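Please walk me through this structure, one part at a time. I am new to reading models like this.

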Amino acid sequence: MTLKKILLISMLAMIVLAACATPTAEAPKPTVAPPTAPVAAPTTSAPTAVAATPAPAQKTKITFWYALSGAQGKVVEDMTAKFNQTSKTAQVEVVFQGSYADIAQKLTAAITAKTVPDVAQMGGAPTLGESGAIVPVADLVSDADKKDIFDGFWDYNKFNGKVVSMPFNNSTPMLYYNKDLFTAAGLDPNKPPTTWDELVTAAKALTKDTNGDGKPDQWGFNTHTDTHWYLSAMIMQNGGKILSDDGKKVIYNSPEGIEALQFWGDLVTKNKVMPPNQHAQAGADFTAGKLGMLMRSSTFLATVEKDAKFKVGVAILPGKKIKSVPIGGASLLVFKTTAERQKAAWEFVQWMTNAENSLSLFIQTNYVPIRKSVAGLPAVKDFIAKSPNSEVLIKQLEFASAIPIFFELGNSDEQLRKAVEKVELGSGTAKDALDVAASVINKALGGP
Amino acid sequence: MIMPFVWMISTSFKSQSEVFAYPPQWIPTEFHWQNYVQAWNAAPFPRYFFNSVVVALAVTLGDLFTSALAAYAFARMKFPGRDALFLIYLSSLMIPHQMTILPSFLLLKNLGDLWAPLGLDTYFALIAPFLASAFGVFLLRQSFMQIPNELEDAAILDGCGRARFLWEIVIPLSRPALATLALFTFMGNWNSYLWPLIVTNSDTLRTVQIGLRYFIGQEGASQWGLLMAAAVFVSLPVVLIYLMVQRQFVQGIASTGIKQ
């Protein structure tokens with residue numbers, strides 16, 4: 001009985017302590033090192049922020065929902081805090097809403113219940129294009145901005161040919177490679193492969209059986225678990241397309257697509273430079289120095305440079321007929337509310353995506369800069385001097401392309417992952433795998 | 001069975017690069033105690049804990065109350081349509097949770113338009129939808145049916161009314177089932193992530209599970225050491241509750257429930 005009493009008392013103590021801690025907790029917003037906020041300024045406090053703080057006269061209040069966590073989430077919150085200090089007309093309340101999947105659910109509920117925010121950050125944003133709840137960015141953006149942002153990013157935010165969302169935090173897949181392993185294998189660490197054939201040659205040199213048990217312990221090449229992204233990239237590099245021009249069916253089972261998937265399968269079965277179906281382990285293997293080359297998102301750069309005990313190199317994805325680097329990431333949406341709030345919302349979106357902030361986001365998170373003008377900013381040169389690998393992220397943007405966003409994209413990506421799994425495990429030919437995938441998706445899209 | 005917990009505690013002391021070291025290190029080379037401090041400060045956990053405890057306790061007590069009353073009616077009272085009603089009630093268990101999210105959300109929004117404390121972004125939104133559960137009724141009905149009728153007859157002979165019979169005789173005899181229900185309800189509500197995320201926007205109302213999400217990076221940059229440290233202190237209350245009801249819980253599984 002006494003144990004039970006002790007436990008009961010400790011539970012109550014926890015509640016009391018937590019309740020006491022609350023009024024004194026000064027920063028209800030999660031921040032680690034609050035960067036700027038001077039005490040008097042009404043910053044991004046939670047809505048329980050007391051009404052007594054003298055709000056600057058008539059700033060339009062708007063809400064911003066975002067879905068980035070960890071260090072990236074903090075950067076977004078810091079940027080919003082800075083906007084609140086510099087803007088004379090808008091005050092943004094920023095709310096964390098989980099992952100891209102969570103915020104998508106929440107927005108769907110909010111649209112139905114008419115409790116939408118003013119601005120939201122979301123992956124796959126164009127799918128809300130038909131909802132009638134958003135203001136298409138094409139109607140708001142200036143001509144100067146249209147020209148300054150790379151075309152690939154505009155394509156990424158189109159729905160039925162019209163730009164509906166604003167590019168914000170985007171990433172691209174890159175080829176990471178272990179410079180030390182390159183040197184040890186007799187390859188030039190400053191000349192990473194630039195074509196598919198060079199990739200195979202390098203990978204073969206990097207696949208080694210170091211303990212003589214007949215199985216490779218060091219692999220030449222692997223990719224992260226989002227294999228659909230890299231396969232889509234390869235299909236496009238081979239001149240193929242994912243979606244037909246009229247947007248009504250997927251066409252990756254074209255000869256170019258099949259060739260790309262065949263190349264992928266050969267890496268496992270014929271050339272034996274990639275372990276079959278072990279993508280979840282790839283990042284850890286690379287960081288531990290047991291993988292020569294890894295295809296993964298550009299956002300992995302900061303993590304791997306910090307954790308790896310070897311020299312990390314990064315390169316643009318190797319090309320075949322053309323170089324093509326697909327874009328991923330999320331965008332900002334402006335919702336239909338009142339004219340005044342929409343104006344404030346657009347002011348906020350423009351600010352978050354201007355050249356300075358695009359560069360700042362890039363420096364802090366390695367999300368790629370979306371504007372051509374960023375490359376010319378002086379701060380860029382300093383940053384590249386400190387972190388030379390990030391220059392590659394900028395250089396590749398001219399090859400950036402967009403895989404069109406359509407309603408069945410999520411399912412389509414899963415079908416592509418299944419197709420990759422099939423050829424890696426040798427349980428199907430590339431043609432059959434892609435034919436199956438395409439027929440499933442095309443049926444869902446309502447076609448033959 | 002304890003391995004995941006051991007791994008969780010072990011990882012909570014590691015630095016990021018050691019988390020994925022191969023072969024796996026069970027004992028970290030350096031103990032990063034600051035993971036706990038950093039994790040605690042990364043999100044307003046004191047408030048989140050307060051909310052989680054309040055909500056989970058309220059839901060547990062509410063659920064016990066409503067389920068006991070309903071189970072008593074279904075188990076020991078006879079009225080027309082009793083069995084059909086019970087079957088209908090039970091069939092509600094077949095509705096997937098995802099299907100009820102949107103209707104519940106709309107209902108709360110409309111209630112909030114009538115009277116704010118009943119709307120979205122309130123404790124009501126977090127607690128009310130879970131105050132009754134078909135599972136609880138089912139579990140307790142099974143247990144209440146085990147009470148022999150002779151007991152009830154004797155009680156009535158001695159002048160005991162229904163409410164008193166329920167409160168003073170049936171419930172004490174059903175401690176294992178009640179403890180089980182309390183544990184499951186508390187745990188289920190403590191672990192609930194999607195609903196609190198959807199109905200709240202204010203940090204002052206959110207729960208610890210949303211706090212945990214801060215550590216899971218979007219495109220692979222999760223901070224595993226911090227996440228594990230946070231997971232350790234988030235799972236502590238559930239472990240405490242389990243220890244409290246452990247004796248009854250084990251009894252509930254082992255015995256038939258008859259105390260004669």
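What follows is a short tour, from the chains to the sheets and helices.

This is a predicted model, in which local features need pLDDT of at least 70 and side-chain atom pairs count only at pLDDT 80 or more, while totals for chains, interfaces and linings use all residues. Residues are numbered from 1 along each chain as its sequence is written, and chains are lettered from A and ligands numbered from 1 in the order in which they are written.

Start with chain A. It has 17 helices and 13 strands. Helices (H or I, at least four residues) and strands (E, at least two) are DSSP runs, numbered from the N terminus. Of the 448 residues in chain A, 46% are buried. A residue is buried if 20 or more other C-beta atoms lie within 10 Å of its own, exposed if 12 or fewer, and partly exposed in between, with C-beta atoms placed from the backbone. Contacts tell another part of the story. Two residues are in contact if their C-beta atoms, placed from the backbone, lie within 7 Å. Take the contacts in chain A with a separation of 6 or more: 73% of them come from residues 24 or more positions apart.

Domain 1 covers 60-170 + 328-390, and domain 2 covers 173-326 + 407-444. These bounds come from an automatic or database domain assignment. Taken over C-alpha atoms, the centres of the two domains are 30 Å apart. Domain 1 of chain A gives 8 residues to the contact, and domain 2 of chain A gives 12 residues. On the side of domain 1 that touches domain 2, there are 2 nonpolar, 6 polar and no charged residues. Here Ala, Val, Leu, Ile, Met, Phe, Trp, Tyr, Cys and Pro count as nonpolar, Asp, Glu, Lys and Arg as charged, and the others, Gly among them, as polar.

Next comes a sheet. Strands of a sheet pair through backbone hydrogen bonds, either parallel or antiparallel. In chain A, 5 strands form an open sheet in the order S2-S1-S3-S12-S6, with mixed pairing. Two strands pair if DSSP finds at least two bridges between them. Which strands sit at the edges? They are S2 (90-96) and S6 (166-171) of chain A, each pairing on one side only. On average, neighbouring strands of this sheet are turned by 20° against each other, direction ignored. For such angles, axes are lines fitted to C-alpha atoms, for helices over the stretch in contact, and angles run from 0 to 180 degrees between N-to-C directions.

Look at S12(A), residues 328-334. S3(A) and S12(A) run antiparallel, joined by 5 bridges. Ala120(A) stands opposite Leu333(A) in S12(A). S6(A) also pairs with S12(A) in the antiparallel sense, over 5 bridges. There, Asn169(A) stands opposite Ala330(A). S6(A) is mostly covered, with 6 of its 6 residues buried.

Helices lie across this sheet. Helix H2 of chain A (residues 70-86) lies across S1 and S2, at about 165° to S2(A). Helix H12 of chain A (residues 339-352) lies across S1, S2, S3, S6 and S12, running at about 55° to S1(A).

H3(A) has 14 residues, 100-113, and reaches 20 Å from its first C-alpha to its last.

A second open sheet in chain A has 4 strands, in the order S8-S9-S7-S10, with mixed pairing. Its edge strands are S8 (219-223) and S10 (312-315). S8(A) runs parallel to S9(A), residues 291-297, with 4 bridges between them. Thr223(A) stands opposite Met295(A) in S9(A). Helix H8 of chain A (residues 227-237) packs on this sheet, touching S7 (173-178), S8 and S9.

Finish with chain B. It has 14 helices and 0 strands. Its C-alpha trace spans about 70 × 50 × 30 Å along its principal axes. Buried residues make up 37% of its 260 residues.

Notes: The expected span of a helix is 1.5 Å times one less than its number of residues.
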